[in-house]
Amino acid sequence: MIALDSLRIGGRELLPLVEGGKGISATNHRSSGAWAATGGIGTISAVNADSYDADGLPVPQVYREKTRVGRHEELIAYAIEGAVEQVKRAFDIAADELRAGRGALNINVLWEMGGAQRVLHAVLERTRGLVHGVTCGAGMPYRLAEIAAAYGVNYYPIISSARAFRALWKRAYSKLAEWLGAVVYEDPWLAGGHNGLSNAEDPLQPEPPYPRVRELRAVMRESGISDDVPIVMAGGVWYLREWKDWIGNPELGTIAFQFGTRPLLTKESPIPDAWKAKLTSIEEGDVLLHRFSPTGFYSSAVRNPFLRELEARSERQIAFSTEAAGDHQYVLDVGVARGRTYYVTRDDLLRARSWAGQGFTEALKTPDNTLVFVTREKRAEIRRDQTDCMGCLSHCQFSAWKDHDDHSTGRLADPRSFCIQKTLQDIAHGGDPDRNLMFAGHAAHNFRTDPFYSNGFIPTVRELVDRILTGD
């Protein structure tokens, strides 16, 4: 067994083990309630969570409004109802422990989620006494502390650098320091899903997490934050034995660990069996850090056919000019609509003709004065998805939606990206894992080699937590 000291946050006794919240129904009440019942922090995703009909079946999120603004309002209503339902059900599962002051339930939101602040206010208002904390990342959530404190719950900002936390603290959090539950350090090179890799960091040059977390603790100390406020290490955490030098380390102060990928493969995990089966075949290097997400953030997902198509789509890309200039002297004669003239280089003209010969006959304009070549069927799918946008993000590169003011980013919609709401809803509700975005952390290859999962064994959440506590 690994010797782990319990935490005290908001007057509650907690195992220093946190379930990572995974959006659009990849974590729900069953997994989060079970995790909280073990004494850890269960994390319910409040990102378009499922609500249920009278028979207990998920309510399909169908959008009937004709405008994006109308569909956005429908999405917010779905998000609120779903998150409230998930919190209530999760609390019921872990009620005995929670009422005894052990374990906790957090909700997780993306700050860049469309209508994030409206959703947070509504969910916290309707779940008073059931939610203990709010975990939030994917952006700079300056108002997180203010919103959480208004409802008497702790806030857990997700950051990927000491610099990001310093900015949040100075601008907003220092005014509500007593409600800071923990700081989640999400490693940008190890964690699954969206992360905070900045332009100052090289996606191809991973930095070890220890110095970054040590720097974060130093910033917290400079800010007057007690070492009793935990830093939660998120990303790449599989075996606690690999982190034994972190536990009880005075340089780091109190440390907890977040598990995002491992809880996907439990009996309580809500993801479909086909997705669970795919997890067991992931090999080292199969998870790709990429920038295709319509959020504009880097994120990590399994490099399946869905992601490979996006890679190939961007590789079929050429720059153009609307006037003959420099090397751009050749008129593009494939992929463009009648009446439009684009000048390209000779080499790019030959490449475009080759792509057209392979069936990639449609050239789509990007915001960066380039053209990407796709099949006629893919063009129709991209245009349909852009038209059907329901405003799931505060700013969407794929559809050029913005959730406020004139509801437009002012930039051309980007065909190199995809509708993230569509694909995550599909994979979470039985869609083909090969044809959808499949988020995973970079340690997911351990499912293949960890003897705990041999012979197809799938543990309960309690069995997984017990196993984690052994160090394995």
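This is a predicted model: local features need pLDDT of at least 70, side-chain atom pairs count only at pLDDT 80 or more; totals for chains, interfaces and linings use all residues.
The largest cavity has a volume of about 80 Å³, and the count of cavities of 30 Å³ or more comes to one.

**The cavity**

- Lining the largest cavity are 14 residues, and those closest to its centre are Cys-389, Cys-392, Cys-396, Ser-399 and Cys-419.
- Sorted by class, the lining of the largest cavity consists of ten nonpolar, three polar and one charged residues.

**The second largest pocket**

- The second largest pocket holds about 410 Å³ of space, and its lining is made up of 19 residues, of which Phe-306, Lys-378, Glu-381, Lys-422 and Arg-435 lie nearest the centre of the pocket.
- Three helices, namely α9 (305–315), α11 (376–387) and α12 (420–428), each supply at least two residues of this lining, and the largest share, five residues, comes from α9.
- When the lining of the second largest pocket is divided by class, it has seven nonpolar, three polar and nine charged residues.

**Helices α1 and α14**

- Helix α1 (residues 29–37) and helix α14 (residues 461–469) have axes that come within 9 Å of each other and cross at roughly 50°, which means that α1 is oblique to α14.
- The crossing in which α1 passes α14 is right-handed.
- On the α1 side the contact involves Ser-31, Ala-34, Trp-35 and Ala-37, and these meet Val-461, Arg-462, Leu-464, Val-465 and Ile-468 in α14.
- The contact of α1 with α14 contains seven nonpolar residues, together with one polar and one charged residue.

**Helices α6 and α7**

- Helix α6 (residues 162–171) packs with helix α7 (residues 209–222) at an angle of about 20°, and their axes are 9 Å apart.
- Because angles under 35 degrees count as roughly parallel, α6 and α7 are described as roughly parallel to each other, and their crossing is right-handed.
- From α6, the residues Ala-162, Phe-165 and Arg-166 meet Glu-215, Leu-216, Val-219, Met-220 and Glu-222 of α7.
- By class, the residues of the contact of α6 with α7 divide into five nonpolar and three charged, with no polar residues.

**Helices α2 and α4**

- Helix α2 (residues 68–93) and helix α4 (residues 116–126) have axes 9 Å apart and pack at an angle of about 35°, and the crossing of α2 and α4 is right-handed.
- On the α2 side this contact is made by Glu-73, Ile-76, Ala-79, Ile-80, Glu-81, Ala-83, Val-84 and Lys-88, while α4 contributes Arg-118, Val-119, Ala-122, Val-123 and Arg-126.
- The contact of α2 with α4 has eight nonpolar and five charged residues, and no polar ones.

Methods
Residues are numbered from 1 along each chain as its sequence is written. Side-chain values use heavy atoms; hydrogens and water are left out. Axes are lines fitted to C-alpha atoms, for helices over the stretch in contact, and angles run from 0 to 180 degrees between N-to-C directions. Helices (H or I, at least four residues) and strands (E, at least two) are DSSP runs, numbered from the N terminus. Angles under 35 degrees count as roughly parallel, over 145 as roughly antiparallel, 65 to 115 as roughly perpendicular and the rest as oblique. A crossing is left-handed if the near helix is turned anticlockwise from the far one by less than a right angle, and right-handed if clockwise. Contact means heavy atoms within 4.5 Å. Ala, Val, Leu, Ile, Met, Phe, Trp, Tyr, Cys and Pro count as nonpolar, Asp, Glu, Lys and Arg as charged, and the others, Gly among them, as polar. On a 1 Å grid over the protein atoms alone, a cavity is a set of points where a 1.4 Å probe fits but cannot get out, and a pocket is an open set with protein on both sides within 12 Å along at least five of seven lines; lining residues have an atom within 4 Å of a point. Grid points are joined across faces, edges and corners, and a volume is the space filled by probe spheres set on the points.
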